[in-house]
Amino acid sequence: MLTILDLINHYLGYFTTNSKTKGRIYTVVSAIGVWYLLYLAYRFFANGRWLRGTLIAGVFILLLYFVFLNILYFFTKSVTKWDVSPYIEKLLGGPHIEEETQQQTVIMPANGLYERQDVMPGVVDTNATQQANMDLLATELEQLGLMSTNYGHLGTQAQRHIIAQHDIIFANHPGTLLPYFDMVTTDNTVKIMGGVNQLQARELATLSMVGMVPARQAMEKYHLALASVVLNGGIGHTATRTELIETEGPYSLKVEVAYEKRR
């Protein structure tokens, strides 16, 4: 059985198969192969080798248990209170981080890099038109493969930890950095513009605060620039006592503003 699994892993390497698909294939093969151990145990019992038969039967039951857990994990959204995986993760030093075989596009902001001490969080307000633009941008980013939807490769327990702090974890955790973003001052307001590029940029939000200072007041004392604009939201998970439940939340922006005192 191990040889078969090794051959499957070798040949799947020629294809762009994600970790969940591989997990389903391994689970099916394991679910079939584990019954061979039961046959071996039966043969030992039939030949009077009770000790070896009992040991192999014990291994069969243990592996069958993990096959059952894998079926729940890879083929359903159900969970069981008899799942020992969280305890194994804790024993091994934390939640397992899956290796994603599909290459992810890396987006580097064109607005430059800033020292952390020169950056403050911004507070934004969003009206209905801006929210619609944000939703449209999210769809474009997902269609272009620029938005990950794998919950940051986090396992169940790690997701629960974030949900306990924020009530929800989104599939694009920890957020999607916009390929293009800028700020435009019009009529005493500071508009946040963003898009897949400059030509397709739309108005996404209004900057209302920089740190604890109103945006207009901050612009009078400092030179301001957007350090990063991150989109978060959409499909996500909330938690019950026994399982994670898929839900959907509105998209929002997390904005960081770089500042330099005017001379």
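What share of the contacts in the protein chain with a separation of 6 or more is accounted for by residues 24 or more positions apart? The share is 65%. This is a predicted model.

**The chain as a whole**

The protein chain has 263 residues, and buried residues make up 33% of them. Eight helices and nine strands are found in the chain. Its accessible surface comes to about 17,100 Å². Carbon and sulfur atoms hold 58% of that surface.

**An aromatic pair**

Five aromatic pairs occur in the structure. One of them joins tryptophan 35 and phenylalanine 60. Their ring centres are 5.2 Å apart. The ring planes meet at 55°, so the pair counts as tilted. An angle over 60 degrees would be needed for edge-to-face.

Where do the two partners sit? Tryptophan 35 belongs to helix H3, which covers residues 35-46. Phenylalanine 60 belongs to helix H4, which covers residues 50-75. The partners are 25 residues apart in sequence, so the pair ties together separate parts of the chain.

Is phenylalanine 60 buried or exposed? Phenylalanine 60 is buried, because its relative accessibility is 7% and the cut-off for buried is under 20%. Tryptophan 35 has a relative accessible area of 46%, so this residue is partly exposed.

**Further along helix H4**

Phenylalanine 66 also has its place in helix H4. Its relative accessibility is 30%, which makes it partly exposed. The C-alpha atom of phenylalanine 66 is separated by 9.5 Å from that of alanine 31. Along the chain, these two residues are 35 residues apart.

Isoleucine 71 is another residue of helix H4. Isoleucine 71 is partly exposed, at a relative accessible area of 34%.

The residues described so far compare as follows.

| Residue | Relative accessible area | Class |
|---|---|---|
| Tryptophan 35 | 46% | partly exposed |
| Phenylalanine 60 | 7% | buried |
| Phenylalanine 66 | 30% | partly exposed |
| Isoleucine 71 | 34% | partly exposed |

**A nonpolar patch**

Which residues make the nonpolar surface patch? They are Val28, Ile32, Ile71 and Phe75. The patch has an area of about 360 Å². Two helices contribute: H2, which covers 19-33, and H4. Each supplies at least two residues of the patch.

How values were computed: Residues numbered from 1 in each chain as written. Predicted model: local features only at pLDDT ≥ 70, side-chain atom pairs only at ≥ 80, totals over all residues. Heavy atoms only, no water. Phe/Tyr/Trp six-rings, centres within 6.5 Å; stacked < 30°, edge-to-face > 60°. Helix = DSSP H or I, 4+ residues; strand = E, 2+ residues; numbered from the N terminus. Buried < 20%, exposed > 50% of the residue type's maximum accessible area, 1.4 Å probe, protein only. Patch = residues over 30% accessible without salt bridge, like charges linked within 9 Å, V, L, I, M, F, W, Y side chains within 5 Å. Areas by Shrake-Rupley, 256 points an atom, 1.4 Å probe, with all protein chains shown as cover. Salt bridge = Lys/Arg side-chain N within 4 Å of Asp/Glu carboxyl O. Contact = heavy atoms within 4.5 Å.
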